[in-house]
Amino acid sequence: MKKMKNRLLKIAGAALALLTLAGLAEAASPKPNILFAIADDASWKSFGAYGCEWIKTPAFDRVANDGILFTNAYTPNAKCAPSRACILTGRNSWQLAEACNHNPRFPARFKTYAEALGENGYFVGSVAKGWSPGDPGKVNGKKRELAGPKIDEIKTEPPTSSISDIDYAANFETFLKLRPEDKPFCFWYGGHEPHRSYDYGSGIRKGGKYMQEIREVPPFWPDVDTVRTDLLDYAFELEYFDMQLMKMLETLEKAGELGNTIVVVCADNGMPFPRIKGQEYEYSNHLPLAIMWPDGIKNPGRVVDDYVSFIDFAPTFLDLAGLTDHSAGMQSIEGKSLSDILYAENDGRVTSSRDYVLIGKERHDVGRPDDEGYPIRGIVEDGFLYLINFEAERWPVGNPEVGYPNCDASPTKSYILNTRRHNSDWRYWQWNFGKRVAEELYNVQQDPYCMTNLAAVAAHSELKEKLKSKLIEKLTEQEDPRILGNGEIFEQYEYAGQARNFYNRKMNDENVPSQWIHDSDVDLDLIESKVNHK
């Protein structure tokens, strides 16, 4: 009996010592702060850390140099609302019911990581664009703030009328002043830039840029002054986003808070140009990502090639806060915490299981009969992109007779449409607005612009079938309605914006709000027999 008592005392003493050490460790390593910065429509090749010389992004480059630069980061769905929904919930868009679509009603059952952290000791806030566009719903009679309570009050004089007048950095300073001393913070910086529209020519007039600085124009656009000017305007707005981020980093540094703040910088989808934003090609879904955390990241300055999905952000933040999806009261999360990469010391490939990402879409901007979408699913693995277009007979960017609504109005869009109309050159129109085949396969390492479809090439048939099989297998495991035979559910979810039933109303000569489309975008002359579908 005495031996048993001594043994129990020893076990209790050891347990007490472990608890004491755990408490000391927790006291020595407080929960990290989180600064999440997301540009609105920016491609990964537009940042200096990825080799871009004609767009200056010193803040992003600093985060990459002092942290980790990711070379294979992808959003599951390349449009504002569904991409942000994936980030906030840690789930792929086909796992989010209505929130798979653009401008939806956000389902009440999906709690976001920002809401969860706010319930578990974090001081949470956001500035400018959080989850949008759509109806976030209400909790206790109040509108849900899915990315955190808004702090938008301080304004500034922007360099152009197309840039937001919200002073992002000043509002972040206010947020920090409001934070209780004993709480870590979680802040969402959702800049409105470089979302359209632009002040045409501002990149040259106000940014001091030259068209000759642009080394390469994507081959699916004409290389003309109109397109280059449009690109420089995009660059000017992206640099504004980056400048505000630099101010936030400097604020944290002065306050002595930068060391224990994990800074994540990305974008929601690719640049707002034809064949990129709202599509599922390499330049649509492959996005910038840099993460800095001076007190936490091992061996900073690394370049990591693992395939990372934006659904990995939410579980990372929960993990670092000592939470799980279950303990936080969230729906089960599909993404995986990036802590394995943050705490590793090597670059290149860090975790062997991070060898692919899944992508896809349903309905984005309305512009087809009965608000139909354009369903796609895809997989990126080992430098290849495989896509299934489930309704290839539909117009991928919306119908011509209503202006291809899933492509924002722009000088580039107008030039391409006019090239077909006036020069009888269909190539650019076909690449950007024409119908597609049911399957697409691209070697994105050799062909990042996705110009050569290998799906029908016999030499790639085995690879295509392998990727297709894996895609279907993973989507089946994730209970994707599109794969399980209930894809029409995505068509039935109501569009929350004023342009609901857009196509049918336009065809009845109703004046429907459509500020993102120009009247000149409308193509009434196309006859089905004239259109090359290849």
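Start with Ala97, which sits in the loop between α3 (80-89) and α4 (113-118). Before going on, note that this is a predicted model, where local features need pLDDT of at least 70, side-chain atom pairs count only at pLDDT 80 or more, and totals for chains, interfaces and linings use all residues. Residues are numbered from 1 along each chain as its sequence is written, and side-chain values use heavy atoms, with hydrogens and water left out. As for the element names, helices (H or I, at least four residues) and strands (E, at least two) are DSSP runs, numbered from the N terminus.

Back to Ala97: its phi is near 50°, a positive value in a residue other than glycine. Is Ala97 buried or exposed? It's buried, at a relative accessible area of 9%. Buried here means under 20% relative accessible area, exposed means over 50%, and partly exposed is in between (1.4 Å probe, protein chains only).

Now jump to Asp370, in the loop between β13 (356-361) and β14 (376-381). This residue, not a glycine, also has a positive phi, near 60°. Asp370 is exposed, with a relative accessible area of 53%.

Next, the cis peptide bonds. Select Ser132 and Pro133: the bond joining them is cis, with omega about -5°. You'll find Pro133 in the loop between β4 (123-128) and β5 (138-139).

Last stop: which residue does a cis peptide bond join to Arg196? That's Ser197, and omega there is about 10°. Look for Ser197 in the loop between β7 (185-190) and α6 (202-205).
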